[in-house]
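The sequence and the model are shown first.

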Amino acid sequence: MEAGDLLNQTTLVTHIRLRGLSVDQRVQMTVFAMFLTFYVLTLAGNVLIVITIIYDRRLHTPMYFFLSNLSFIDVCHSTVTVPKMLVDTWAEEKLISFDGCVTQMFFLHLFACTEIFLLTVMAYDRYVAICKPLQYLTVMSWRVCVLLAVALWVGGTIHSISLTSLTITLPYCGPDEIDSFFCDVPQVIKLACTDTHIIEILIVSNSGLISVVCFVVLVVSYAVILVSLRQQISEGRRKALSTCAAHLTVVTLFLGHCIFIYSRPSTSLPEDKVVSVFFTAVTPLLNPIIYTLRNEDMKNALNKLMGRLEGKGKK
């Protein structure tokens, strides 16, 4: 096949149709109300966490530095898919341009992979704090924290570029519909008019392997932490267990989706949409709830911030 013919095939599909979550208009309105509520609460909760951490100097520690990064990523991650889905609930045809689809895939994997790396770094931070408390300030210095933050963003960018590049090099000459409410690599490559077996293997070995390896590392880290906690006094143990339980809950919810979607060939399952809803809308909302309701320092800082704002409002 000539290079020009391949280019023509590649550019035949200019828009992609999204089936969404349902074709029933009443269900669509329910979905709209639910997702809009989730999205507003996600924005409010995560932005409040970032502001609180910036405002309260007692929270200027590595743990809360990474937590503020997590909240920022959750806002971005949710914004990649939810606003488009909200607009589509009112549209007769749920269309997205091919370029828009590629852009959505790029940022979806950028924020998702960066969050996976961040959750791994947060587990390491808790391991050092609990198992090597005397060395904590040396090991997790601000220089180290900034370098880790830069590294996880760079890692997420490299991952996203590699997956997106694999996707856009395929020829797309029809069909043009995917059974989802956002663009993701496994669904999009099924539209390619060529054999994608090798690409699917690369996706599993990339996204799937990253998810599984990070999950194993996280589980081992928390197992070591739990063994170490058996030797600590009750109050310190209770606080550490609360923090670790919050982290482990977030890890399970987030990485569970990644392992389910990306650790198998690109075959559609009935559960895919439900899992994707948790991945894009529910998990970013649960993060601020989990980290604030189970964290005394965050609750105290939030109360202090709310008190200060109320005082200014009365003046």
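## Packing of H3 against H4

In this predicted model, helix H3 (residues 62-88) packs on H4 with the two axes 9 Å apart and at an angle of about 160°. H3 and H4 are therefore roughly antiparallel to each other, the threshold for that description being an angle over 145 degrees. The crossing in which H3 passes H4 is left-handed. The residues that form the contact of H3 with H4 comprise 15 nonpolar, five polar and five charged.

## Helix H4

Helix H4 covers residues 98-131. Its 34 residues reach 49 Å from the first C-alpha to the last, close to the 50 Å expected at 1.5 Å a residue. Of the 34 residues of H4, 24 are buried, so this helix is largely enclosed by the rest of the structure.

Thr120 lies in H4. Thr120 has a relative accessibility of 19% and therefore counts as buried, the limit being under 20%. With neighbours within four places in sequence left aside, Thr120 is in contact with Cys214, Val217 and Leu218.

## Packing of H4 against H6

The axes of H4 and H6 come within 8 Å, and they cross at roughly 145°. This crossing of H4 and H6 is right-handed. In the contact of H4 with H6, 16 residues are nonpolar, nine are polar and none is charged.

## Packing of H6 against H8

How do the axes of H6 and H8 cross? Helix H6 (residues 142-168) and helix H8 (residues 197-229) have axes that come within 11 Å and cross at roughly 165°. That angle makes H6 roughly antiparallel to H8. H6 passes H8 in a left-handed crossing.

On the H6 side, the contact is made by His159, Ser162, Leu163 and Leu166. On the H8 side, Ile199, Leu202, Ile203, Asn206, Ser207 and Ile210 take part. The residues of this contact of H6 with H8 divide into six nonpolar and four polar, with no charged residue.

## Helix H2

The span of helix H2 can be checked against its length. H2 (residues 25-55) has 31 residues, which at 1.5 Å a residue should span 45 Å; the C-alpha atoms at its ends are 44 Å apart, which agrees.

Which residues of H2 are buried? They are Gln28, Val31, Phe35, Tyr39, Thr42, Gly45, Asn46, Ile49, Thr52 and Ile53. Leu41 is also placed in H2, but Leu41 has a relative accessible area of 44% and is partly exposed. The C-alpha atoms of Leu41 and Pro284 are separated by 9.5 Å, although these two residues are 243 residues apart along the chain.

## Cys244 in H9

Cys244 belongs to helix H9 (residues 234-262). Is Cys244 buried or exposed? Its relative accessibility is 5%, so Cys244 counts as buried.

Apart from neighbours within four places in sequence, the residues in contact with Cys244 are Ile130, Tyr222 and Ile225. Cys244 and Ala123 are 121 residues apart in sequence, and their C-alpha atoms are 8.1 Å apart in space.

## Asp297 in H11

Helix H11 (residues 296-314) contains Asp297. At a relative accessibility of 30%, Asp297 counts as partly exposed. Between Asp297 and Leu59 there are 7.8 Å from C-alpha to C-alpha, with the two residues 238 residues apart along the chain.

## The chain as a whole

The secondary structure of the protein chain consists of eleven helices and three strands. From the N terminus on, the order of these elements is α-β-α-α-β-α-α-α-β-α-α-α-α-α.

The protein chain has 315 residues, of which buried residues make up 46%. Among its contacts between residues at least 6 apart in sequence, 80% join residues at least 24 apart. The pairs given above include Leu41 with Pro284, at 243 residues apart, and Asp297 with Leu59, at 238 residues apart; for these pairs the values given are C-alpha separations of 9.5 Å and 7.8 Å.

Notes:
Residues numbered from 1 in each chain as written. Predicted model: local features only at pLDDT ≥ 70, side-chain atom pairs only at ≥ 80, totals over all residues. Heavy atoms only, no water. Helix = DSSP H or I, 4+ residues; strand = E, 2+ residues; numbered from the N terminus. Expected span 1.5 Å × (residues − 1). Buried < 20%, exposed > 50% of the residue type's maximum accessible area, 1.4 Å probe, protein only. Axes fitted to C-alpha atoms, helices over the stretch in contact; angles between N-to-C directions. Parallel < 35°, antiparallel > 145°, perpendicular 65-115°, else oblique. Left-handed = near helix turned anticlockwise from the far one by under 90°. Contact = heavy atoms within 4.5 Å. Nonpolar A, V, L, I, M, F, W, Y, C, P; charged D, E, K, R; others polar.
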